[in-house]
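Hello,

Please find below the structure that I promised to hand over, with its sequence beside it.

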Amino acid sequence: MKRLLTLMALMLPVLAGAQSLTVTHLSETHTMIQVSGKDRYVMLPVQETAQEATVKVLSNGQAVLKANVSLAIDKTDYLVPLDLGKWAGSSILLDIKMTQGRGVRRDPSDDVCWSEMVTLPAIDSANKEKLYRPTYHFSPQWGWMNDPNGMVYKDGEWHLFYQYNPYGSFWGNMHWGHAVSKDLVNWEHLDVALAPDDLGAIFSGSAVVDENNTAGFGRGAIIAMYTSDGDNQTQSIAYSLDNGRTFTKYAGNPVIMAEDTPDFRDPKLFWDDQTRQWKVVLAAGQEVQFYSSDNLRDWTYDSSFGLSYGNHNGVWECPDLIRLPFEGKDKWVLLLNINPGGPFGGSATQYFVGSYDGKTFKCDDLPTVTRWMDYGKDHYAAVTWSNAPEGRTVAIAWMSNWQYANSVPTTQFRSSNSVPRDLSLIRKGKEVILRSTPSREVEALRGNPVQYTLSTAPVELFEAPAKAYELVLRFTLQKKEGATFVLSNESGEQVVFSYEPESQTFSMDRRGSGMVKFSKKFAAVTTAPTRVGGRMELRLLVDSASIEAFGEDFAMTNLVFPSAPYNTLRLYGNAKADVTLYPIAK
């Protein structure tokens, strides 16, 4: 039997499966393909610079799927699978319309996509991005991913849904991808949960467990609310009775609409014990809006917040309202993602600490105060899991930035997530700040520790370079000039970390970190305030293409693209440091 072809290795015309496709060009822009045989997948050749074609799947003459795909014209960058398994045994026709005005008048058969399109009985989604595929951060098997969505815990499983384009490693065709985990670090990829429909693409949203069947769909149903992105943005719901494996969209969608409200999206559901009602917070232009419901289907507007608060240098997106214990009482924290407007350009997550009475959120800070959840360039769309066990508040973020997300140097997939983080409130002076700490499940990945005492002589961390590890540095400063740590590789690429006690700042400099020229916005130095005096404990979570730094009172997340793993650590300055290295392997 012919060896199974590898997904991303299909770069040249292949005869396997070609006899299952009959291509007929009806005009310069209209092509139909009859699919015969028993193969489940049609592999679609993608050229990222090509304009999108509309691909409709007809089963027994009825349209069952529509996707926008940048079908290859001159060259194939990679292939993506079109899964026809749901309609096995029926008559399948692909109705493809190429974009008008794609170039000079030409014979449509000249496009390379037709000769390189094949069928396969199964696909091998093994990692072909050896250099930059993360070891312990979640990433899709193939295609594009951005905002985490619909995160919910149920029956021992952490569900992660996410904004997903299964037909190209760039933004578009927004679906909800889906994965589940027992431990927040090992993930099982599942089928697409929600696909676009006549109301529009499936934008960001959330999910809850309806234990008491308030919606009438079934006790214990998972209810998802998402933005339908059509001619206007509206909010829709879907329900699952099989622990998220399949969803049924509510026949009465949309359930929330608003007149003349731009950027009306990203609903975050939560249960409010104060009023014994379901609540949702929505991004609505330059504010957030709160709604109430008894049944998750009928919603009433409650209040708005934010027009004069925080940073407004971009679009407000992906809100989340959470309750956290603090000094014997509870406070409420409103997470609010913004793009652009971040402290170092592009995307970022701001937050507001205050109170919520079941209808209105009030911020403790003055309107002019802006607080950032993470001080890197690559922490966005941060939201929390609902129904998390043990009263935990666990968040995860998309680890990229809209300034360059579509152009990072990977092809099989684009984007990964931050590690999961437990959130808490701490006091620093007169301020109450949000603390992010890597969830305890991340520590379970640690291998046997190796101890170093760091001085100005370089320390070789590994005899053979390792791309995934954690460093814990504990250091004491002897003078006011601060200290600088440098992670580097044999190619001279490096990331520079500096702590300045006088200015009370920590910084990460990735300008010489490796591949940076794919975007003028990528090379950067990011800086966080920190109030730890002359002593500091720093955790660095290093993976193939990212570094997450955690201090006592800050977090900083940045992508890096070195040509080889960083394997040398050096200290500059009059300081002393003890270092613990934990290898990470999965």
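Predicted model: local features only at pLDDT ≥ 70, side-chain atom pairs only at ≥ 80, totals over all residues.

Residues are numbered from 1 along each chain as its sequence is written, and side-chain values use heavy atoms, with hydrogens and water left out.

Aromatic rings come next. Rings of Phe, Tyr and Trp (its six-membered ring) are paired if their centres lie within 6.5 Å, and planes under 30 degrees apart are stacked, over 60 edge-to-face and the rest tilted; on that basis there are 36 aromatic pairs. Among them is the edge-to-face pair of Trp 158 and Trp 385, with 5.5 Å between the centres and 85 degrees between the planes. These two tryptophans bring together distant parts of the chain, 227 residues apart, since Trp 158 belongs to strand S10 (residues 157-165) and Trp 385 to the loop between strand S26 (380-384) and strand S27 (394-398); strands here are DSSP runs of E, at least two residues long, numbered from the N terminus. Trp 158 and Trp 385 are both buried. The pair of Phe 497 and Phe 506, by contrast, is stacked, because the ring centres are 6.3 Å apart and the planes stand at 20 degrees. Trp 158 and Trp 385 also belong to a cluster linked by ring pairs, together with Phe 138, Tyr 153, Tyr 162, Tyr 164 and Trp 187.

The charged end of Arg 133 is 4.0 Å from the centre of the Phe 413 ring, and Arg 446 lies over the face of Tyr 582, 4.1 Å from the ring centre.

As for the sheets, strands are taken to pair if DSSP finds at least two bridges between them. Five strands make an open, antiparallel sheet in the order S1-S2-S7-S4-S5. Strand S1 (21-25) and strand S5 (62-69) are at its edges with a single partner strand each, so one side of each has no neighbour in the sheet. Within this sheet, strand S4 (residues 53-59) and strand S7 (residues 92-97) run antiparallel and are joined by six bridges, with Lys 56 opposite Asp 95 in S7.

Lastly, where is the largest pocket lined, and by how many residues? A pocket is an open set of points on a 1 Å grid over the protein atoms alone, with protein on both sides within 12 Å along at least five of seven lines, and lining residues have an atom within 4 Å of a point. The lining has 42 residues, of which Leu 65, Tyr 167, His 175, Val 192 and Ala 195 lie nearest the centre. Strand S12 (187-194) is one of the strands that supply at least two lining residues, and S12 gives the most, with six.

Best wishes

Terms used: Helix = DSSP H or I, 4+ residues; strand = E, 2+ residues; numbered from the N terminus. Buried < 20%, exposed > 50% of the residue type's maximum accessible area, 1.4 Å probe, protein only. Lys NZ or Arg CZ within 6 Å of the ring centre and 35° of its normal. 1 Å grid on protein atoms, 1.4 Å probe; cavity = no way out; pocket = protein on both sides within 12 Å on 5 of 7 lines; lining within 4 Å.
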